[in-house]
Amino acid sequence: MKIQGLEGMSASEIQLELQRGGKFVVYSYCISLVLVTFRRPSGIYFLPAGASRFRKGLSSSLVTVLLGWWGIPWGPVYSVKALVENFKGGKDVTADFLPRIQPATVRFAAAAKVG
């Protein structure tokens, strides 16, 4: 699984950004095809401390505004839910990723001490 925003960062740099307030965030988007409506999560974004969570979710919100409303009956319902979530800054999934990141940081630090 590729996480956008981690390009070129080491495990220790990621850990430092998380301590400063960085977040892993997922946004929602909605696409409707008259009788069928899909509400899906975007990819995962890593946002360093101070980065705008609202701005990163604009592309998912734009897709929803253009393509989400047209499904009957769930298009408007799912579109509003997705837009509200995105305008609040997306869904923070940092807690879900901490167990995966911390062991990697320990391995990275141990490798740096050995070498």
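# Chat: strands, a hairpin and a helix pair

Biologist: Which residue in β3 is the bridge partner of Val-25?
Modeller: That's Tyr-45. Keep in mind this is a predicted model.

Biologist: OK. And what does Gln-4 bridge to in β3?
Modeller: Tyr-45 again: the bridge partner of Gln-4 in β3 is Tyr-45, and Val-25 is bridged to Tyr-45 as well.

Biologist: So how do β1 and β3 run, parallel or antiparallel?
Modeller: Parallel, with two bridges joining β1 (residues 3-4) to β3 (residues 36-47).

Biologist: And how many bridges join β2 to β3?
Modeller: There are 10, and those two strands run antiparallel, with β2 covering residues 23-33. Along that pairing, Ser-28 stands opposite Pro-41 in β3.

Biologist: What sits between the strands in that hairpin?
Modeller: Two residues lie between β2 and β3, and Val-34 in the hairpin has a positive phi near 55 degrees.

Biologist: Let's zoom out. What's the strand order in the sheet?
Modeller: β1-β3-β2-β4, an open sheet of four strands with mixed pairing. β1 and β4 (91-92) are the edge strands, each pairing on one side only.

Biologist: Which strands does α4 lie across?
Modeller: β2, β3 and β4, and α4 runs at about 160 degrees to β2.

Biologist: What about α3 and α4, at what angle do they pack?
Modeller: About 160 degrees, with the axes 10 Å apart; α3 is residues 58-67 and α4 is residues 74-87. Angles over 145 degrees count as roughly antiparallel, so α3 is roughly antiparallel to α4.

Biologist: Left-handed or right-handed crossing?
Modeller: Left-handed, as α3 passes α4.

Biologist: Which residues make the contact?
Modeller: From α3 you get Ser-60, Ser-61, Thr-64 and Val-65. The α4 side brings Ser-79, Ala-82, Leu-83, Asn-86 and Phe-87.

Biologist: Last topic: what share of the chain is buried?
Modeller: Buried residues are 34% of the 115 residues in the protein chain.

Biologist: And what share of contacts joins residues at least 24 apart?
Modeller: It's 67%, counted among contacts between residues at least 6 apart in sequence.

Conventions:
Residues numbered from 1 in each chain as written. Predicted model: local features only at pLDDT ≥ 70, side-chain atom pairs only at ≥ 80, totals over all residues. Heavy atoms only, no water. Pairing = 2+ DSSP bridges. Axes fitted to C-alpha atoms, helices over the stretch in contact; angles between N-to-C directions. Parallel < 35°, antiparallel > 145°, perpendicular 65-115°, else oblique. Left-handed = near helix turned anticlockwise from the far one by under 90°. Contact = heavy atoms within 4.5 Å. Buried < 20%, exposed > 50% of the residue type's maximum accessible area, 1.4 Å probe, protein only.
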